[in-house]
Amino acid sequence: MTLTDAKATLKKVFGYDDFRPLQAEVIQQVYQRRDVLVLMPTGGGKSICYQVPALTLEGTAVVVSPFIALMKDQVEGLRGNGAAAAYINSMLDASQARNVEDDLLAGRIKLLYVSPEKLVSQSFQPLLKRLKISLFAIDEAHCISSWGHDFRPEYTQLKFLKEQFPEVPVIALTATADKLTRKDIAEQLQLREPTTFLASFDRPNLSLSVRPGQKRFEQIVDFLKKHPGQSGIIYCLARRTCSELSEKLNAKGFKTAFYHADMNHRERNQAQEDFINDRVPIICATIAFGMGIDKSNVRFIIHYNLPRNLEGYYQEIGRAGRDGLPAEALLFFSYQDVMTYRQMFEEGEASVEQKELKIAKLNRMFQFAEAPVCRRKTVLHYFGEAYEQNCNNCDVCKNPPRQFDGTVAAQKALSALLRLEEKTGINMLIDVLRGSQRREIFELGYDKVKTYGAGKEYSFEEWQFVLSQMLHHGLIEIAYDDKNCLKITDAGRAVLFSQQQVRLALPPKPEEKAAEKAATAAALRPPSRTQALRDELFERLVGLRRKIGQQQGVPPYLVFSDATLEEMAQKRPITDADMLYVSGVGERKLQLYGDAFIGEIRRFVREKTDEGINVPGSTYLLSWDMFKAGQSLDDIARQRDISPVTVVSHLATMYERGELVDIHTWASPEALDLVQGALHLFEEPYQLKDIFEHFNHRFTYEAIRFAIADAKRKKWKREA
Ligand code: ADP
Ligand code: ZN
């Protein structure tokens, strides 16, 4: 097998033109029967790495996958593309399992998905021994490591694969990249000198932003208004928040559902199915939701609360934009969340070291939310990946904070804190600095302290920004054991008493916010004509996809991804040949859904034409429709105000791209034969006149045009 075969399969089965980074390299290694370890972020395209070899190599590939729901999804997806795939797990009843076994033994299955329990079970061994196995793929391979978060004891027994099938290449895949896990995987699976492929964990299509948690609800409503109809997940820490938020959003006219552990199995299943099948676009859920869901058209993830660590954050936002289209991750944070976690950790049962680790990770998370540094840079550094540039796709890059000499501001805050005897929290400190008229301040006599009102030059929000940086610079700290009061550290004292300098940043200026508002307004302004056409057609295709999904009982994103529909909306394919040029449309999908989608696009083009809108590319279709309605070439030409020659060329183009017409009306078998035989003498694009001259005017222009169309039609049909 060569990469050329692999590429042909990629196009034919999956409808993709090119491999993503590292996919080809991995496949090459598998073809050389080497063991490989693949580390790619969620959505990076791990599946292709073993599916393409599985489909091209002789025999059956055995894929181990721990999530049963995901297994079904993958198998349905593969079958939808015409690939022979099946699964064996506890969901099958005896007769279904027997059918799969029969198919396996008859060599009819190219990809077999099995749960780890099944694979290692004694009852499965005889079957396994009778198969011709092309490769083993171990998905979610980090489950083998007891260091990781998803440890599965059965995974540790998978070492028997290498012992019993030393010649079969093993490909282990995971989205968890840390070194310890990596080493564990290679050792435990007993991989032989595995080649390790570590893809960048950057997800450039995800736009990252972080906002303080005030007025979260209003902010979310604003956000959702800017993303009408899009599918997304809102993660909440508390179960009650999930249901309450969902209800409040529904009351505002959004269509949402909720999901958490207090619901019974049936309710949870319903919520999940509604979300997957695009019946309900938005779900408010605890982080239990999303594991084992492969929905590729999730367009945003909102964290209503701070995640407990950066690993969790990255995993959760990774569920957006798997189709590679732009997607947004919006995180809200507040001190309250930090306190809640701390309390949870403290009350938890873990050992002291584990608690400390949790708190350290929480602090890193908080730091990420607060530091005025490119978000992407911060996360990727955390995962040990070098990333030096600024990403220009996060809130900090798009709207940088203003750096300034913060010594005086810090001194004011520290001095106030000292005079308040370090007995206040952040909000009270800011109120004192800003000279608030709150009653409590007078009751406590805080209006008498010397620094009362000394910090009026900054808004409440700006002080929050400044104080949180002071926290990170270690000038102050929160005494979690003393009612969360702020305390001055030694470093803080150095600033207060020894004139130690500090650099701080202020949030983006109000004018910049105005710029942001203008950008939002622009986003809400009516789009250009082209864009409007595209958006409208996209919506219609999404509707059709949902209908087909429902009829066939598959999630809509398995019919076609958002990316594929976007491309259709842009290119408006009206024939089979056009359709095959769209990324994500393979041979099987063309057979199954081509007519439905082409039909919808044609209807759209005709309607727009009737409304007097000129849709680029529609001219072929319009001539074609009239011809099919039985009108003569001359009639069509007259009505459309074009020449009959042009009409013929339109018909030829439609024929070339896959439509049927009796071409002998224009070209005799002899003309077809001779012209096609002579085409190699000319260069594309063919000049009809040259060919006309070549044959000494023996064939008409129409005959020549159709001979060329026929040659091209045969060519793409052969390649498809
Ligand atoms: P992972 O398992 O790494 O999370 P997937 O294998 O599910 O990622 O792939 C994510 C998405 O990218 C899927 O929709 C998949 O069809 C698409 N994809 C994978 N490889 C390619 C490619 N070479 N070209 C275009 N799309 C691809
Ligand atoms: Zn950035």
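Biologist: At what angle do helix α32 and helix α34 pack?
Modeller: This is a predicted model: local features need pLDDT of at least 70, side-chain atom pairs count only at pLDDT 80 or more, and totals for chains, interfaces and linings use all residues. Residues are numbered from 1 along each chain as its sequence is written, chains are lettered from A and ligands numbered from 1 in the order in which they are written, and side-chain values use heavy atoms, with hydrogens and water left out. Helices (H or I, at least four residues) and strands (E, at least two) are DSSP runs, numbered from the N terminus. With axes 9 Å apart, α32 (residues 669–678) packs on α34 (residues 701–719) at an angle of about 70°.

Biologist: Roughly how do α32 and α34 stand to each other?
Modeller: Axes are lines fitted to C-alpha atoms, for helices over the stretch in contact, and angles run from 0 to 180 degrees between N-to-C directions. Under 35 degrees counts as roughly parallel, over 145 as roughly antiparallel, 65 to 115 as roughly perpendicular and the rest as oblique. The angle here is about 70°. So α32 and α34 are roughly perpendicular.

Biologist: How many nonpolar residues are in the contact of α32 with α34?
Modeller: Contact means heavy atoms within 4.5 Å, and Ala, Val, Leu, Ile, Met, Phe, Trp, Tyr, Cys and Pro count as nonpolar, Asp, Glu, Lys and Arg as charged, and the others, Gly among them, as polar. From α32 come Ala671, Leu672, Val675 and Gln676, and they meet residues of α34 including Phe706 and Lys714. Next to one polar and two charged residues, the nonpolar ones number eight.

Biologist: Which strands stand at the edges of the six-stranded sheet?
Modeller: Two strands pair if DSSP finds at least two bridges between them. The order of this open, parallel sheet is β8-β13-β12-β9-β11-β10. Each edge strand has a single partner, so one side of it is left without a neighbour; those strands are β8 (206–212) and β10 (256–259).

Biologist: Which strands does helix α11 lie across?
Modeller: Helix α11 covers residues 239–251 and runs at about 175° to β10. The strands that α11 lies across are β9, β10 and β11.

Biologist: And the seven-stranded sheet: which strands stand at its edges?
Modeller: That sheet is open too, with parallel pairing and the order β3-β4-β2-β5-β6-β1-β7.

Biologist: Which residue in β7 is the bridge partner of leucine 37?
Modeller: Strand β1 (residues 36–39) runs parallel to β7, and four bridges join them. Leucine 37 has as its partner in β7 threonine 196.

Biologist: How far apart are the axes of α24 and α28?
Modeller: Helices α24 (residues 529–552) and α28 (residues 587–610) pack at about 145°. Leu533 and Arg540 are among the α24 residues in the contact, and Tyr593 and Phe604 among those in α28. The axes are apart by 11 Å.

Biologist: How many residues of helix α3 are buried?
Modeller: Buried means under 20% relative accessible area, exposed over 50% and partly exposed in between (1.4 Å probe, protein chains only). Among the buried ones are Cys49, Tyr50 and Pro53. Helix α3 (residues 46–56) has 11 residues, and the buried ones number 10.
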